[in-house]
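This report describes pockets and their linings. Look at the structure first.

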Amino acid sequence: VRRFVRENSLSLFFGLIFIASLVGQSLAGWHQFNATQLAEHLDPVTWAGYVTSSNFAVDVSENWQSEFLQFWLYLTATVWLLQKGSPESKELDNVGLETDKDQKVGYAAMTDSPSWAKTGGWRTALFSSSLAIVMGTIFLLSWLVQSVAGWAAFNESRLQQLQDPLSWGAYLTNADFWARSLQNWQSEFLAVGAMAVLSIYLRQRGSSQSKPVGEPHEATGIEG
Amino acid sequence: VYDVRTMFIVYLAMISLGLALMLTVALRHLP
């Protein structure tokens, strides 16, 4: 058990703070929601009622989609785009999908390579993009959930104001949907760009995401 | 092998469960 915890500490740590934050979000969001209900002379809801509401679902899913979009874009953009001096970038002469030898696929696979890296054909092609496919699928599903939950929440508040509900298609072009999406995207894109650029001149000793402290500022594609 | 498989499965399960629950909740609230 002790060895399992040590060897999985990164995913265990983030899994635990994810759960704790989600619980915290549900409690703070519940109080915030009930304060609004009271101000509008409506009945407060229970915590269980709040976490099964479309309001909670849209708030969670809009953040999920932006995170998975960020990592999906980062993963695929770093195949083709470079940042000289950044440990987040590949070396400058390595743009693109690289050779089979570099990637250890097909004839260049090792004895302990995954079997789908060895076979060639569609299996190797699929496996070669499997991380981007899964991250991109989670992004699209989260964004779909955001659109449905946001639609339901938006229509609930319209009905309270005695306005007609919108169709799902109309909600997709509504400012509420795009304001929620873009407010999350802008911060993700800034943070990703900042990480790529600030890591040129700045260091975190011991981190896999930083250059070694003594590495020259011009060095590209070297992680500690 | 089992050590690296465990957290992979835990995370995929956590994400799938979250998406499924949120979609169920959202669909239930449609007018």
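How many nonpolar, polar and charged residues does the lining of the second largest pocket have, by class? It has 11 nonpolar, 14 polar and five charged residues. Ala, Val, Leu, Ile, Met, Phe, Trp, Tyr, Cys and Pro count as nonpolar, Asp, Glu, Lys and Arg as charged, and the others, Gly among them, as polar.

This is a predicted model, with local features needing pLDDT of at least 70 and side-chain atom pairs pLDDT 80 or more, while totals for chains, interfaces and linings use all residues. Residues are numbered from 1 along each chain as its sequence is written, and chains are lettered from A in the order in which they are written.

A pocket is an open set of points on a 1 Å grid over the protein atoms alone, where a 1.4 Å probe fits, with protein on both sides within 12 Å along at least five of seven lines; lining residues have an atom within 4 Å of a point. A volume is the space filled by probe spheres set on the points.

| Pocket | Volume | Lining |
|---|---|---|
| Largest | About 1,600 Å³ | 35 residues |

In the largest pocket, Phe68(A), Phe71(A), Met135(A), Tyr11(B) and Ile15(B) lie nearest the centre. H4(A) gives the largest share of this lining, 10 residues. Helices are DSSP runs (H or I, at least four residues), numbered from the N terminus. The lining has 24 nonpolar, eight polar and three charged residues.

How values were computed. Heavy atoms only, no water. Helix = DSSP H or I, 4+ residues; strand = E, 2+ residues; numbered from the N terminus.
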